[in-house]
Amino acid sequence: MDIIKSESAKNILARSYDGGHICYENAEAAVEVAEKEMIQKATEAFRHFVEDYCNESGRKDIAAESEHYLKIFNELINA
């Protein structure tokens, strides 16, 4: 089972591996990269839902206001 899904985070950790230890700064950088990637994926998934699914399901009112809902989503996810 692969715990770390972010390839960028894995690369940072792999480059910083030193005899069984990883320095705090590199571990912190790996977590930050993974968090940014997760937020980007979540935002894209939400955008797809609001723009495509809501439009296809007849909720054109929601799809038409997608930028507003994306703005609110980003504010909430980055709080």
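## Overall shape

The protein has four helices and zero strands, where helices (H or I, at least four residues) and strands (E, at least two) are DSSP runs numbered from the N terminus. Along the sequence, the pattern reads α-α-α-α. This is a predicted model, in which local features need pLDDT of at least 70, side-chain atom pairs count only at pLDDT 80 or more, and totals for chains, interfaces and linings use all residues. Residues are numbered from 1 along each chain as its sequence is written, and side-chain values use heavy atoms, with hydrogens and water left out.

Along its principal axes, the C-alpha trace spans about 55 × 25 × 15 Å. The radius of gyration is 18 Å, whereas a compact globule of 79 residues would have one near 12 Å. That radius is taken over C-alpha atoms, and the globule rule is 2.2 Å times the number of residues to the power 0.38.

## Surface and contacts

Of the 79 residues, 18% count as buried. Here buried means under 20% relative accessible area, exposed means over 50%, and partly exposed lies in between (1.4 Å probe, protein chains only). The accessible surface comes to about 6,200 Å², of which 56% belongs to carbon and sulfur atoms; the areas come from the Shrake-Rupley method with a 1.4 Å probe.

Contacts (heavy atoms within 4.5 Å) tell us how parts of the chain meet. Among those between residues at least 6 apart in sequence, 36% join residues at least 24 apart.

## Serine 6 and helix α1

Let's start before the helix. Serine 6 sits in the segment before α1 (7-16) and is buried, with a relative accessible area of 8%. Its side chain reaches the backbone nitrogen of alanine 9 at 3.1 Å and makes a polar contact with the side chain of glutamate 37 at 2.6 Å. A polar contact is a pair of N or O atoms within 3.5 Å; within protein, one must be able to donate a hydrogen and the other to accept it, and residues adjacent in sequence count only if both atoms are side-chain atoms. Leaving aside residues up to four places away in sequence, serine 6 touches Val33, Ala34 and Glu37.

In α1 itself, the buried residues are Ala9, Ile12, Leu13 and Ser16. Seen down the helix axis, they fall within an arc of 95°, so they line one face of α1; the arc is that of the directions from the helix axis to the C-beta atoms. Their cover includes α2 (24-56). The face turned away from this buried side carries the exposed residues Ala14 and Arg15.

## Salt bridges

The count comes to six salt bridges, each being a side-chain nitrogen of Lys or Arg within 4 Å of a carboxyl oxygen of Asp or Glu. Glu44, Arg47, Glu51 and Glu67 are linked in a network of them. Being three residues apart in helix α2, glutamate 44 and arginine 47 are separated by about one helical turn. Arginine 47 also bridges to glutamate 51, with the closest N and O atoms 3.4 Å apart, and those two lie four residues apart in α2. An α-helix has 3.6 residues a turn, so residues three or four places apart point the same way.

Glutamate 44 is partly exposed at 45% relative accessibility. Arginine 47 is partly exposed at 27%, and glutamate 51 is partly exposed at 27%. Another salt bridge joins arginine 59 to aspartate 61, with the closest N and O atoms 3.0 Å apart. Here arginine 59 is partly exposed at 41%, and aspartate 61 is partly exposed at 45%.
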